[in-house]
Amino acid sequence: MSKLEYVYVTYIETSAEKLWQALTDPDFTERYWFGHRVSSEWKPGTRYSFAKQGANSIEGEVIAADPPKRLVYSWNSCSPSDRQEGTSKVTFDLEPRGKVVKLTVIHDELNEAGVTFRNISGGWPMVIASLKSLLETGRGLAIDVPSSAKEAADAQT
Amino acid sequence: MDEVFKALADASRRSLLDRLHASNGQTLNELCDGLAMTRQAVTKHLAILEAANLVTTFRQGREKLHYLNPVPIHQIGERWIRKFERGKLTALSELKRQLEKRDE
């Protein structure tokens, strides 16, 4: 493994179908991804983006979409501080386990020296915890982003 | 959440998490390297960390790689940290980190 890799696992009390919807539906992402709406046709080879107030924050290409099991997309940050860093890859694996779904998020093909690498290490746990909270309680987390992590949030959310 | 606290209530297990935090995705051999713990002890500690969802493993070819999963620790934080405290707490821990740098 030449490139750095992050793996996040959480168990969410929901169905795989509902979790899939939460990952791909703008009305859902807006509620847990701190106001960011996702849009795509969710077909391999098509584009997707996360946008807040009309401005793209993250964009890339759908690499694989196998609902409700696996979603893979490339990841390009649109924030000025780390847009030169190139493309990384995000994989979501959804695995039903009785009453819960095991969600595994893998972010890899990252540039070790880059800003993305530092940013996502704080950002994903925040997004994943908020997603879990929304699906289990109907509310996303209201997180006040610390100023020192502002850049991280800009890249991440 | 009990499992997470129990798993963290052991210095050896915390040091294994430290090693993964420094370098994610290690094999058992890599994790044992330079530790004053038997391979069996490391295996046992990793099983407890995995059961608490603090460590996740993946097979890559013949190797089993271990990854730190910070999501449960984040959830503990979310439970007791209020919305507007986060910025101040980040500033405080950054201050502490800077002042204590030599001890790291």
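**A walk through chains A and B**

Let's start at A:Thr104, which has 17 C-beta neighbours inside 10 Å and therefore counts as partly exposed. On the scale used here, a residue is buried if 20 or more other C-beta atoms lie within 10 Å of its own, exposed if 12 or fewer, and partly exposed in between, with C-beta atoms placed from the backbone. Before going on, note that this is a predicted model: local features need pLDDT of at least 70 and side-chain atom pairs count only at pLDDT 80 or more, while totals for chains, interfaces and linings use all residues. Residues are numbered from 1 along each chain as its sequence is written, while chains are lettered from A and ligands numbered from 1 in the order in which they are written.

Back to A:Thr104, which sits in strand S7 of chain A. Helices (H or I, at least four residues) and strands (E, at least two) are DSSP runs here, numbered from the N terminus. A:Thr104 is 12 residues from A:Phe92 in sequence, yet their C-alpha atoms are 5.7 Å apart in space. If you skip neighbours within four places in sequence, A:Thr104 is in contact with A:Val7, A:Val9 and A:Asp93; contact means that the two C-beta atoms, placed from the backbone, lie within 7 Å.

Stay in strand S7, residues 100-110, and you reach A:Glu109. A:Glu109 has a positive phi of about 55 degrees without being a glycine. With 16 C-beta neighbours inside 10 Å, A:Glu109 counts as partly exposed. Most residues other than glycine have a negative phi, and most peptide bonds are trans. A:Phe34 also goes positive, with a phi of about 50 degrees, and is not a glycine either. Look for A:Phe34 in the loop between helix H2 (26-32) and strand S2 (37-40) of chain A. A:Phe34 has 21 other C-beta atoms within 10 Å, so it is buried.

A:Pro68 is in the loop between strand S4 (55-66) and strand S5 (70-77) of chain A.

Zooming out, chain A has four helices and seven strands, which run along the sequence as β-α-α-β-β-β-β-β-β-α-α. Of its 157 residues, 38% are buried. Take the contacts in chain A with a separation of 6 or more, and residues 24 or more positions apart account for 47% of them.

Now for the inside. The largest nonpolar core has 45 residues, and A:Tyr8, A:Leu19 and A:Ile128 have the most contacts inside it. Its largest share, eight residues, comes from helix H3 (residues 115-137) of chain A. A nonpolar core here means a set of buried Ala, Val, Leu, Ile, Met, Phe, Trp, Tyr and Cys residues joined through C-beta atoms within 7 Å. In soluble globular proteins, nonpolar side chains tend to be buried together. Leaving out residues up to four places away in sequence, A:Tyr8 touches A:Val105, A:Trp124, A:Pro125 and A:Ile128, along with B:Asn69 and B:Val71 from chain B.

That takes us across to chain B, with six helices and two strands in the order α-α-α-α-β-β-α-α. The C-alpha trace of chain B spans about 45 × 30 × 25 Å along its principal axes, and 19% of its 104 residues are buried.

Helix H2 of chain B, residues 11-22, is worth a stop. In H2(B), B:Arg13, B:Leu16 and B:Leu20 are buried. They cover an arc of only 55 degrees around the axis, so they sit on the same side of H2(B); the arc is that of the directions from the helix axis to the C-beta atoms. An α-helix has 3.6 residues a turn, so residues three or four places apart point the same way. The other side of H2(B) carries the exposed B:Ala11, B:Asp18, B:His21 and B:Ala22.

What do the buried residues of H2(B) pack against? Their partners in chain B are helices H1 (2-8), H3 (28-32) and H4 (39-51), plus strands S1 (55-60) and S2 (63-68). H2(B) packs on H4(B) at an angle of about 75 degrees, with the axes 10 Å apart. That makes the two helices, H2(B) and H4(B), roughly perpendicular, a label for angles of 65 to 115 degrees, where under 35 is roughly parallel, over 145 roughly antiparallel and the rest oblique. Axes are lines fitted to C-alpha atoms, for helices over the stretch in contact, and angles run from 0 to 180 degrees between N-to-C directions. At this crossing, B:Ser12, B:Arg13, B:Leu16 and B:Leu17 of H2(B) meet B:His45, B:Leu46, B:Ile48 and B:Leu49 of H4(B).
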